[in-house]
Amino acid sequence: MVADLSQIVKAYDVRGVVPDQWDESLAGLFGAAFAEVTGAAAIVVGHDMRPSSPGLSRAFARGAADRGADVTEIGLCSTDQLYYASGALDLPGAMFTASHNPAQYNGIKLCRAGAAPVGQDTGLAQIRELVERWLESGAPEPVDRPGTLSSRETLEDYAAHLRSLVDLTSIRPLKVVVDAGNGMGGHTVPSVFAGLPLTLVPMYFELDGTFPNHEANPLDPANLVDLQKRVPAEGADLGIAFDGDADRCFVVDENGDPVSPSAITALVAARELARHGGKGTIIHNLITSRTVPEVVKENGGTPVRTRVGHSFIKAEMARTGAIFGGEHSAHYYFKDFWNADTGMLAALHVLAALGGQDGPLSSLVAQYDRYAGSGEINSTVADQADRLAAIRSAYEGRAGVTLDDLDGLTVAAADWWFNVRPSNTEPLLRLNAEAKDEATMAKIRDEALAIIRA
């Protein structure tokens, strides 16, 4: 096929529509290039439940084997299960998934041995260059001694590893509704929750990459509605929703109200600091709530603020030796999980925290949810730089207001802040605002939006 790789090779992964933008022949070239760039003697490959995933995954495996790499195929898995395999086997890995994207999409998340991320600056640009060269000149001939393809089951080992990191043996019995969105949570949750004092109410556990019930993207409030209704109807203690590849988890309380991912970040940070003797670095990106650094300091830890994006979080985790990192997009990163993100481990922490005391989840998380937030608001603009300059001009020099450029523009005062970031792929500016109360937040949000949309 004639492929425009600029359309499918993103900052951190490969993603596009199948077969319009990429297909199995291209997946084979990506496999060959991955083996070449990593120089690995062996790799591990897994895939999600999308109809195109098994074929793409196998083509990639064959491409890598043609370059001499022995390939371990772990079959159906969540993204964090692939990270587990990469870490436990100490092998570079490839996960075939398009996460929360609609059914016609697929993609590849790549990592080096030990689940170390592969992005534009850490190998993805080189992989793209090789594939583009081979698209013009033809794929290279297989090496004299091609690698082997073998299968391996990792689900039970993955589940046991997660349970070893959070003690749930003495919690009170809990009833939990889990919405897997027909994604990989339906594959991993039964194994991870096995033997725990939990009554599981499954929703949409059937693996179906056409997503017949709703998109597997809990960041969109429309996709949480079914779970929000089901939790109080069941008299459950909480609800958990996973995205398509089950690497992110979203939580709703006993009333069906969503719990902010920043509150989950703060809760897990406090638990991880307690587990490490009240010491350690916690990474948070700059659009998480101010609650997060406050809680980290209150619990003896050191908060470190980063740009938005998992490559920045993972880089800071490695640089600082951080024990935990969280993003407001519901990605949670753990030192004990090779600095990789796992929504399942965050979910286990929430269950352990809730089950370790007698109150409802709404009361437990209230201490970690101290401010009013706007959520992310996207605005289409003709000129991103011009609008950012207009915001800078409006706030620069105001008494008690500071500006910083770590990621986009952050404007902050004693009792409020907002951040405006340009999208890398669309003509959008993304606004996040937070304040001490709803009225102040609304005022600051609307003031910023008026400048952005002028």
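I take strands as DSSP runs of E with at least two residues, and helices as runs of H or I with at least four, both numbered from the N terminus. The model is predicted, so I note the limits: local features need pLDDT of at least 70, side-chain atom pairs count only at pLDDT 80 or more, and totals for chains, interfaces and linings use all residues. Residues are numbered from 1 along each chain as its sequence is written, and side-chain values use heavy atoms, without hydrogens and water.

**Entry: helix α5**

I looked up the length of α5, residues 124-137. At 1.5 Å a residue (times one less than the number of residues), its 14 residues should span 20 Å, and the end C-alpha atoms are 20 Å apart, which agrees.

Next I checked burial (under 20% relative accessible area; exposed is over 50%, partly exposed in between; 1.4 Å probe, protein chains only). Leu 124, Ile 127, Leu 130, Val 131 and Trp 134 are buried in α5. They cover an arc of only 120° around the axis (directions from the axis to the C-beta atoms), which puts them on the same side of α5. An α-helix has 3.6 residues a turn, so residues three or four places apart point the same way.

On the face turned away I found Arg 133, Glu 136 and Ser 137 exposed. Just after α5, Gly 138 takes a positive phi of about 100°.

**Entry: second largest pocket**

I looked up which strands line this pocket. β13 (281-285), β19 (402-404) and β20 (409-412) each supply at least two lining residues. β19 gives the largest share, three residues.
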